[in-house]
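This report walks through one protein chain, from its overall make-up to a few individual residues. Please keep the sequence and the structure in view while reading.

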Amino acid sequence: MIRHVASIWSFRHFWMSLVRLDLRNRYRRSVLGIGWSLLHPLAMTVVFCLVFSKVLNQADWRNYAPFLLAGMAVWEFIRNSTTAGCSAFLQSEVYIRQCPLPYSIYPLRTVIGMGIHFLISLAVVVAMAGVLARGWNVFPAVLMVLPGVVCCALFSWGVATIGAFVTVFFHDIKHLIEVGAQVFFFLTPIMYNRKLLDDKHMGWVADVNPVNLYLELIRTPLLTGQWPTWNLLAVGVVLALITLALAAGAGAWLQKKVIFHL
């Protein structure tokens with residue numbers, strides 16, 4: 001594992017150039033450029049604030065707007081990293097056939113690209129929370145979310161790598177994940193509080209949902225100014241490491257077979 005990580009780091013100039021290439025191709029000749037990455041979560045935040053703030057009894061829209069945007073940012077990052085990561089090997093077939101590089105570089109390329117948009121979204125959340133609710137007190141909370149952001153990124157990298165290996169052999173997995181994401185969106189406390197599930201005796205839905213774990217690690221400190229509990233952080237770290245271990249195991253098992261199925 002250490003040699004594998006060292007090998008990935010030794011090729012950092014290669015996968016960083018791929019990330020820059022993806023960003024240039026995605027926003028070439030675009031007026032807003034990378035600002036388009038904020039359009040979807042901002043638009044969804046406005047719609048939910050106008051509609052669901054009344055349905056979910058969220059009268060204080062000043063607190064509800066950053067709460068919702070933070071949830072959308074985390075959700076979009078994990079979902080987009082997973083779905084786009086499924087196509088990582090298929091899109092990088094030319095490099096895979098020509099260069100014997102570590103396979104996990106290609107899902108990492110996807111996750112870093114999505115991570116840039118994620119960090120921009122979190123910056124908007126901080127600004128929104130500062131203006132609408134907490135004032136200058138929100139800025140110290142930025143340090144509190146760093147462990148959660150790192151754990152979330154590692155988890156997304158592991159899931160994207162597993163998805164990339166599976167997609168090579170079963171191309172429909174990406175479509176299945178997209179359909180499942182639509183279901184999990186409403187089962188995840190993004191636009192409503194966890195308390196709503198607890199009141200309905202459905203708290204277990206949030207407990208078994210890994211997205212909710214990283215929501216708690218990132219959104220709660222950002223909006224409340226309180227450090228996440230050690231137990232919650234430990235679970236986030238362990239889950240990220242388990243996911244990376246599964247991804248490494250999938251790579252050790254399947255990397256020699258991938259080239260014959262591309």
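Predicted model: local features only at pLDDT ≥ 70, side-chain atom pairs only at ≥ 80, totals over all residues.

Does Asp207 count as buried or exposed, and what is its relative accessibility? With a relative accessibility of 55%, Asp207 counts as exposed, because that value lies over 50%.

## Overall make-up

The chain holds 13 helices and zero strands, so that, read from the N terminus on, its elements run α-α-α-α-α-α-α-α-α-α-α-α-α. Of the 262 residues in the chain, 44% are buried.

Two packed helices are described by the angle between their axes and the distance between the axes. Helix H8 (residues 141-169) packs with H13 at an angle of about 25°, the two axes being 8 Å apart, which makes H8 roughly parallel to H13. The axes of H8 and H12 come within 7 Å and cross at roughly 160°, and H8 is therefore roughly antiparallel to H12.

Helix H12 (residues 210-224) and helix H13 (residues 230-258) have axes that come within 10 Å and cross at roughly 130°, which makes H12 oblique to H13. As for handedness, H12 passes H13 in a left-handed crossing, H8 passes H13 in a left-handed crossing, and the crossing of H8 and H12 is left-handed.

## Salt bridges

The count of salt bridges comes to six. One of them joins Arg109 to Asp22, with the closest N and O atoms 2.7 Å apart, and this pair links distant parts of the chain, since Arg109 lies in helix H7 and Asp22 in helix H2 (residues 12-26), 87 residues apart. Arg109 is buried, its relative accessible area being 10%, whereas Asp22, with a relative accessible area of 28%, is partly exposed.

## The loop between H10 and H11

Most residues other than glycine have a negative phi. His201, however, has a positive phi of about 60° although it is not a glycine. His201 lies in the loop between helix H10 (194-199) and helix H11 (203-207), and at 71% relative accessibility it counts as exposed.

## A surface patch and a buried glycine

Val46, Val47, Leu50 and Val51 form a nonpolar patch on the surface, which together has about 370 Å² of accessible area. Val47, one of these residues, is placed in helix H3 (residues 39-55) and counts as partly exposed, at 43% relative accessibility.

Gly130, by contrast, is buried, with a relative accessible area of 18%, and lies in helix H7 (residues 105-134). The C-alpha atoms of Gly130 and Pro66 are separated by 9.3 Å, and the two residues are 64 residues apart along the chain.

Notes:
Residues numbered from 1 in each chain as written. Heavy atoms only, no water. Helix = DSSP H or I, 4+ residues; strand = E, 2+ residues; numbered from the N terminus. Buried < 20%, exposed > 50% of the residue type's maximum accessible area, 1.4 Å probe, protein only. Patch = residues over 30% accessible without salt bridge, like charges linked within 9 Å, V, L, I, M, F, W, Y side chains within 5 Å. Areas by Shrake-Rupley, 256 points an atom, 1.4 Å probe, with all protein chains shown as cover. Salt bridge = Lys/Arg side-chain N within 4 Å of Asp/Glu carboxyl O. Axes fitted to C-alpha atoms, helices over the stretch in contact; angles between N-to-C directions. Parallel < 35°, antiparallel > 145°, perpendicular 65-115°, else oblique. Left-handed = near helix turned anticlockwise from the far one by under 90°.
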